[in-house]
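Subject: Model handover and notes

Hello,

Here is the structure we spoke about, with my notes below it. Please read them with the model open.

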Amino acid sequence: WILEKPERYSGKVIAPNLQKLGESGVVFTHAYTASPFCVPSRTSMWSGVSPHKSGVYHNQTNIKASEPLKKAVSLFETFTKAGYSMYGYGKITHGWGGNDVWDDKQGHKRDPRPPGAPVQSVGKGDQDWGPIHIAEDEMNDTGGANKAIAVLEKKHDRPFFLAYGTFNPHMAWFVPQKYFDMFPLDDVKTPELNSNDFDDIPPIGNDIVEGKRKFTQSVLDAGLHKSAVQAYLATTAYVDVQHGRVLEALAKSPYKDNTIVIFISDHGFHLAEKDHWQKGTLWEEATNSMLMFRVPGMTRPGGVTTRCVSLQDLYPTLLDLCDIPRPPHVDGKSLVPILRDPQTDWESTAFSYLYDQYASIRTEQFRYIRYKDGQQELYDRRKDPHEWKNEADNPKYADTLKKLNRQLPAVEDMARQLVRPGRK
């Protein structure tokens with residue numbers, strides 16, 4: 001997004017540290033989450049088990065009931081067995097991954113809400129934003145960066161694995177006022193919306209956004225769309241500063257020339273596109289994720305690839321890069337060929353799953369979504385980058401539709417969602 005879509009939301013995206021990281025290695029502009037919620041996305045990444053096999057599709061899934069996950073070995077355990085010291089700070093596992101493999105670990109927690117919250121007239125729970133009332137050095141993501149920096153400043157006698165995960169820009173968006181000031185409201189650009197967008201979307205597609213449609217409309221009706229986008233950008237700018245501090249510590253350390261650096265987001269985010277707010281859909285906004293790699297001796301500065309890849313490819317890629325044997329349960333493909341040559345041929349691995357009967361695949365030209373009962377969406381993104389025109393009933397695309405459908409697992413082969421007791 002930073003390199004390819006700098007005008008997506010604002011006339012000036014201020015993320016110099018991520019920009020610098022991206023320019024130093026390879027940016028994947030078409031990386032996709034395996035599931036557009038935090039828990040299933042991270043569970044699939046760290047376990048190597050696809051949601052359609054594990055049955056983990058939602059934050060409320062009973063992960064402990066998943067038989068495939070009982071047999072899986074996490075990425076972190078695999079690195080521990082290979083002799084690595086393990087350090088993790090902030091939002092990393094969030095559901096599955098174990099706590100017994102870390103030399104030092106501190107999970108994430110939310111910063112306190114400003115007194116009198118909600119701040120916004122439409123605010124409720126997480127769906128709120130505004131300046132935070134505590135100092136930046138008291139914020140939890142700042143503290144996580146401090147711990148990561150301390151790891152980079154100490155001497156290591158064996159290889160180490162360091163994970164630093166920020167809670168931000170998860171809602172609610174509360175960061176210091178100075179980050180809001182970086183994005184004057186007059187300069188903020190909101191996403192282009194289409195009032196007829198849902199005319200050709202099947203009923204299930206409508207149902208999926210119903211829960212957030214009311215909030216989205218309340219933001220628009222209150223004239224707060226620019227304010228909300230400003231808050232999103234402000235929170236992202238805060239995150240950029242924290243990651244920049246960690247990257248600077250690495251650059252000053254003895255490990256700068258032999259350390260692989262990866263930056264990821266676990267899913268994307270709607271800001272009123274498709275009548276939706278936040279995550280939890282199979283469209284571009286919720287599934288498109290950030291992914292950058294810098295691999296000493298392999299990647300070249302300025303690499304950009306449009307190959308469609310999955311965050312599930314992260315596990316096998318890291319094992320490949322570090323010469324660690326791959327456990328047999330791990331799905332995904334090593335991205336090393338793309339890291340060597342960003343323009344190499346590649347068969348899409350960008351599959352995303354939502355609940356136990358909805359799936360999508362993204363190729364460089366198309367997005368295909370298949371719901372239960374035969375409901376479908378197909379978008380030709382070369383002509384329709386907003387995904388506003390569903391071509392599923394267009395005879396011109398009949399062969400494409402069949403081909404993409406065959407690449408998705410059959411509905412009967414998808415693991416049923418493992419719902420926690422007491423929840424529907």
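The model is predicted, so to speak only of what was counted: local features need pLDDT of at least 70, side-chain atom pairs count only at pLDDT 80 or more, and totals for chains, interfaces and linings use all residues. Residues are numbered from 1 along each chain as its sequence is written, and side-chain values use heavy atoms, with hydrogens and water left out.

Sheet

Helices (H or I, at least four residues) and strands (E, at least two) are DSSP runs, numbered from the N terminus. Two strands count as paired if DSSP finds at least two bridges between them. An open sheet is formed by three strands in the order E4-E3-E6, with parallel pairing. At its edges are strand E4 (104-106) and strand E6 (160-165), each of which pairs on one side only. From one strand to the next the twist averages 10°; axes here are lines fitted to C-alpha atoms, for helices over the stretch in contact, and angles run from 0 to 180 degrees between N-to-C directions.

Strand E3 (residues 85-90) is joined to E6 by six bridges, and the two run parallel. Within this pair, Gly-88 is opposite Ala-163 of E6. Helix H6 (residues 140-153) lies across E3, E4 and E6, at about 165° to E6.

Nonpolar cores

A nonpolar core is a set of buried Ala, Val, Leu, Ile, Met, Phe, Trp, Tyr and Cys residues joined through side-chain atoms within 4.5 Å. Buried means under 20% relative accessible area, exposed over 50%, and partly exposed in between (1.4 Å probe, protein chains only).

The largest core has 33 residues, of which Phe-28, Phe-79, Phe-161 and Phe-293 touch the most other members. Elements giving two or more residues to this core include strand E1 (26-28), helix H5 (75-81), E6, strand E12 (291-294) and helix H11 (314-321). H11 supplies the largest share, five residues. Contacts of Phe-293 (heavy atoms within 4.5 Å), leaving aside neighbours within four places in sequence, include Val-26, Phe-28, Val-261, Ile-262, Leu-314, Leu-321 and Leu-339. Another core, of 30 residues, lies apart from this one; among its members are Ile-134, Tyr-179, Ala-234 and Phe-269.

Backbone features

Ala-272 is not a glycine but has a positive phi of about 95°. It sits in the loop between strand E9 (270-271) and strand E10 (277-278). Ala-272 counts as buried because its relative accessibility is 2%. Lys-274, in the loop between E9 and E10, is likewise not a glycine and has a positive phi of about 55°. Lys-274 is buried, at 4% relative accessible area.

Glu-136

Glu-136 is in the loop between strand E5 (129-131) and H6. With a relative accessible area of 17%, Glu-136 is buried. Its side chain makes a polar contact of 3.0 Å with the side chain of Lys-178 and one of 2.7 Å with that of Tyr-179. A polar contact is a pair of N or O atoms within 3.5 Å; within protein, one must be able to donate a hydrogen and the other to accept it, and residues adjacent in sequence count only if both atoms are side-chain atoms. Not counting residues up to four places away in sequence, Glu-136 also touches others, including Thr-142, Pro-176, Tyr-238, Val-241 and Gln-242.

Regards
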